[in-house]
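Student: Hi, I'd like to talk through this model with you. Can we start with the contacts?

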Amino acid sequence: MVDVVDPYAPATAALIEALGAAAVLLDAQGVAQALSPAMRALIPALERGQSLTLVLRDPDLIDAIEQVSRRGGRRVIELVERVPVERTFRIHIAALTGGVWRNPVVLTFEDLSELRVTERMRVDFVANASHELRTPLASLLGFVETLQGPARNDTGARDRFLTIMREQGLRMARLVDDLLSLSRIELRAHLAPDTPVDLSAISREIVDSLTLMARERKVTLRLETPSQPVQVAGDRDELLRLMENLVENAIKYGREGGAVAIDVVEGASEASVSVRDDGPGIPPEHLPRLTERFYRVDTAASREAGGTGLGLAIVKHIVLRHRGRLTIESEYGKGAVFKAILPRLGAMVRNPS
Ligand code: ADP
């Protein structure tokens with residue numbers, strides 16, 4: 001196969017290397033001649049001098065490159081890579097003229113993976129939220145119908161049903177409140193809070209407000225904080241919410257008659273607050289998914305405890321907005337420790353990981 005030597009090849013290669021998009025120039029034989037930095041980052045296994053189809057062995061991609069290289073023009077295909085992790089690319093393939101039998105081609109890659117994950121999450125979220133609302137709603141309507149019909153004159157049943165209806169109504173209200181909080185926090189995710197908030201004072205306030213709830217489950221709350229204020233750059237309401245969710249969970253899911261320890265610790269550039277219970281803990285396979293919306297280890301137990309399945313998702317988003325980190329440790333059977341680590345006031349804000 002003979003190729004006409006392209007006098008512009010070095011310039012074309014330089015152009016590809018200068019691009020911000022992920023692009024690769026393949027010569028008429030399908031060998032990578034130039035790669036943009038974004039391309040190297042996207043597919044590190046592909047190097048100059050290598051045949052692209054040896055790295056991405058997708059038959060549709062090989063076919064499309066072949067066609068464009070032979071006939072010229074352009075094509076767009078979508079490629080789903082499943083190994084090592086699922087990734088979706090939209091690939092634009094365009095021919096450059098210059099070859100006799102086949103043309104060199106330029107491929108530009110768009111990484112659609114994040115978009116696809118977000119789309120799937122949104123669809124799941126709407127389905128989950130509707131399902132969570134529909135269950136109490138169906139029960140409410142059922143009781144209304146019974147009260148209008150068969151139980152119309154049964155005062156005993158009416159009082160019982162009204163109590164259940166109130167509970168279902170409160171459950172729906174909690175769910176709507178949690179959904180609204182979550183969307184409000186997400187909306188402001190890019191604005192890191194910057195007012196001084198004392199983590200010790202926040203923790204003390206939450207311990208005071210949850211003492212009654214703890215007493216009902218015979219749980220002892222222990223708070224340890226440094227004597228001086230522990231200031232972080234924060235949003236007071238959000239940090240109260242964070243502590244409330246963690247301590248409430250420790251009381252709800254910890255051991256009845258057990259102890260919950262809340263520790264505020266001050267470091268040089270960070271401060272942390274941890275909540276430890278001595279309950280059954282969380283099986284390790286659930287840990288990575290615990291902060292997902294509506295994820296519960298035991299759905300029935302969560303519902304019974306009045307949970308919406310959104311508490312830890314709210315905690316995670318608050319921590320992220322504060323440019324902090326959340327760690328969860330649990331040895332099954334030996335309780336759980338949830339720790340929020342936040343940058344101290346005036347500390348350099350790192351990029352959130
Ligand atoms: P919920 O409204 O169900 O409490 P969360 O998002 O706050 O929702 O928590 C999600 C799930 O994580 C809970 O349903 C529970 O299964 C588990 N969980 C949370 N905290 C603890 C804990 N301290 N010990 C054991 N399991 C916990």
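Student: What share of the contacts comes from residues 24 or more positions apart?
Tutor: Counting contacts with a separation of 6 or more in the protein chain, 60% come from residues 24 or more positions apart. Contact here means heavy atoms within 4.5 Å. Keep in mind that this is a predicted model, where local features need pLDDT of at least 70, side-chain atom pairs count only at pLDDT 80 or more, and totals for chains, interfaces and linings use all residues. Residues are numbered from 1 along each chain as its sequence is written, and side-chain values use heavy atoms, with hydrogens and water left out.

Student: OK, and how many helices and strands are there?
Tutor: The protein chain has 11 helices and 12 strands. These are DSSP runs numbered from the N terminus: helices are H or I with at least four residues, strands are E with at least two.

Student: Is the chain spread out or compact?
Tutor: The chain is more spread out than a compact globule, because its radius of gyration is 29 Å, well over the 20 Å that the globule rule gives for 353 residues. That radius is taken over C-alpha atoms, and the rule is 2.2 Å times the number of residues to the power 0.38. The C-alpha trace spans about 90 × 65 × 35 Å along its principal axes.

Student: What percentage of the residues is buried?
Tutor: Buried residues make up 41% of the 353. Buried means under 20% relative accessible area, exposed over 50%, and partly exposed in between (1.4 Å probe, protein chains only).

Student: Switching to side chains, how many aromatic pairs are there?
Tutor: The search of the whole structure gives three. Rings of Phe, Tyr and Trp (its six-membered ring) pair if their centres lie within 6.5 Å; planes under 30 degrees apart are stacked, over 60 edge-to-face, and the rest tilted. One of them is Phe125 with Phe294, which is stacked because the planes are at 25°, with the centres 6.0 Å apart.

Student: Where do those two sit?
Tutor: Phe125 is in helix H5 (residues 113–148), and Phe294 is in the loop between strand S10 (270–277) and helix H10 (299–304), so the pair ties together parts 169 residues apart in sequence. Phe125 is partly exposed at 23% relative accessible area, while Phe294 is buried at 10%.

Student: And which charged end sits over the ring of Phe125?
Tutor: That of Arg293, 5.0 Å from the ring centre. The test is NZ of Lys or CZ of Arg within 6 Å of the ring centre and within 35 degrees of the ring normal.
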